[in-house]
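Colleague: Please show me the model, and then let us work through it together.

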Amino acid sequence: MIDPVAELKKHTPSASIPMPTVVPGSTPIYQEASATGHRALWAVFVIMLLSSLAFYVMAFRVPVQKRMFHILTAFITTFATLSYYAMAVGDGVGTNKIMIKHTQKHFPDTYDTIYREVYWARYVDWSVTTPLLLLDLALLAGLNGASILVAVVADVIMILTGLFAAFTVDESPKWGWYAMACLAYLVVIYQVALNGRQTAKAKDNKTAAFFAAIGGFTLILWTMYPIIWGIADGSRNISVDGEIIAYAVLDVMAKCVFGFWLLFTHDNFASSSSIDGFWANGLGKEGTLRIGDDDEGA
């Protein structure tokens, strides 16, 4: 005989089956630097500071007519020192809010909200230091003023478009800014690698060989920056700590190692450039301001 109560229990859903209570994507994701990233920032701050002091000491050991490269190189690491201090103490960082949409076939669309730290002080640093670095290379090669201006303006455009991309919320405009930055970088490569190398060949063999070596070294390092940006701020495939460490290594190589290499090698050249005129002597008698002299005939 069939028990109707037992049969009813068999076909009744169990009350123990868990029901979904959390909507996917409702919890924000925070991508921030940890203690490891902050230690890396402080370490590079110290390296940049010590390098700056060394470059200033090296500048005072040569006549003022030969200090152009020393001053430019010291300014590069000085601005980098300020930038890394700002990032280390938390004053040079902002947050970019990113919304990622997940389209569902049978359910409403869901969104992931990501808050990722963006170190805007790094872009301020690059907008000042990379033109100074280009001046070092341009003066070493002997580039003309027009080529220097084009290279510097393209470089600034490259940095600014990278900054805009880092703070862009939507994915499509972000990669549009990134593409513009890459195009500007190609202009920099053209001016340094092609025009610069051709101009350097007109000088002595030592200068031409040295420019080819240090210019190639610089362009290799600079090419790594957009790659790191693409997998860090761009696609967020590495953590903020990984981003900090990657940029830290590149900055030390592109600024400190570059600076010591440039100054030690250039100082050993017998034909190292010497700049007189306004750089060494200031304004001459003509054009100087005279204070307290009465006008003739007054």
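Modeller: Let us start with a term: helices (H or I, at least four residues) and strands (E, at least two) are DSSP runs, numbered from the N terminus. This is a predicted model, where local features need pLDDT of at least 70 and side-chain atom pairs count only at pLDDT 80 or more, while totals for chains, interfaces and linings use all residues. Residues are numbered from 1 along each chain as its sequence is written, and side-chain values use heavy atoms, leaving out hydrogens and water.

Colleague: How many helices and strands does the protein chain have?

Modeller: Walking from the N terminus, the elements run α-β-α-α-β-β-α-α-α-α-α-α. The secondary structure therefore comes to nine helices and three strands.

Colleague: What share of the residues of the protein chain counts as buried?

Modeller: Buried means under 20% relative accessible area, exposed over 50%, and partly exposed in between, with a 1.4 Å probe and protein chains only. Of the 298 residues of the protein chain, the buried share is 40%.

Colleague: How many salt bridges are there in the whole structure?

Modeller: Side chains of opposite charge can pair when their charged atoms come close. The test for a salt bridge is a side-chain nitrogen of Lys or Arg within 4 Å of a carboxyl oxygen of Asp or Glu. Searching the whole structure with it gives a count of four.

Colleague: How far apart in sequence are the parts that Arg116 and Asp233 tie together?

Modeller: The side chains of Arg116 and Asp233 meet in a salt bridge, 3.6 Å from N to O. Arg116 belongs to strand β3 (residues 110-118) and Asp233 to helix α7 (residues 205-234), so the tied parts are separated in sequence by 117 residues.

Colleague: Is Arg116 buried or exposed?

Modeller: Arg116 also forms a salt bridge with Glu243, with the closest N and O atoms 2.9 Å apart. That pair links distant parts of the chain, strand β3 and helix α8 (residues 240-267), 127 residues apart. Arg116 has a relative accessibility of 1%, so it counts as buried.

Colleague: Asp251 and Lys255 are separated by about how much of helix α8?

Modeller: These two form a salt bridge, their closest N and O atoms being 3.4 Å apart. Asp251 is buried at 0% relative accessibility, and Lys255 is buried at 4%. Because they sit four residues apart in helix α8, their separation is about one helical turn.

Colleague: Are the helices α6 and α7 roughly parallel or antiparallel?

Modeller: Axes are lines fitted to C-alpha atoms, for helices over the stretch in contact, and angles run from 0 to 180 degrees between N-to-C directions. Angles under 35 degrees count as roughly parallel, over 145 as roughly antiparallel, 65 to 115 as roughly perpendicular and the rest as oblique. The axes of α6 (residues 171-201) and α7 come within 10 Å and cross at roughly 175°. The two helices are therefore roughly antiparallel.

Colleague: How far apart are the end C-alpha atoms of helix α5?

Modeller: The expected span of a helix is 1.5 Å times one less than its number of residues. For the 22 residues of α5 (residues 145-166) this comes to 32 Å, which agrees with the distance between the end C-alpha atoms, 32 Å.

Colleague: How far apart in space are Thr161 and Tyr178, C-alpha to C-alpha?

Modeller: Thr161 sits in helix α5 and is buried, with a relative accessible area of 6%. In sequence, Thr161 and Tyr178 are 17 residues apart, and in space their C-alpha distance is 6.7 Å.
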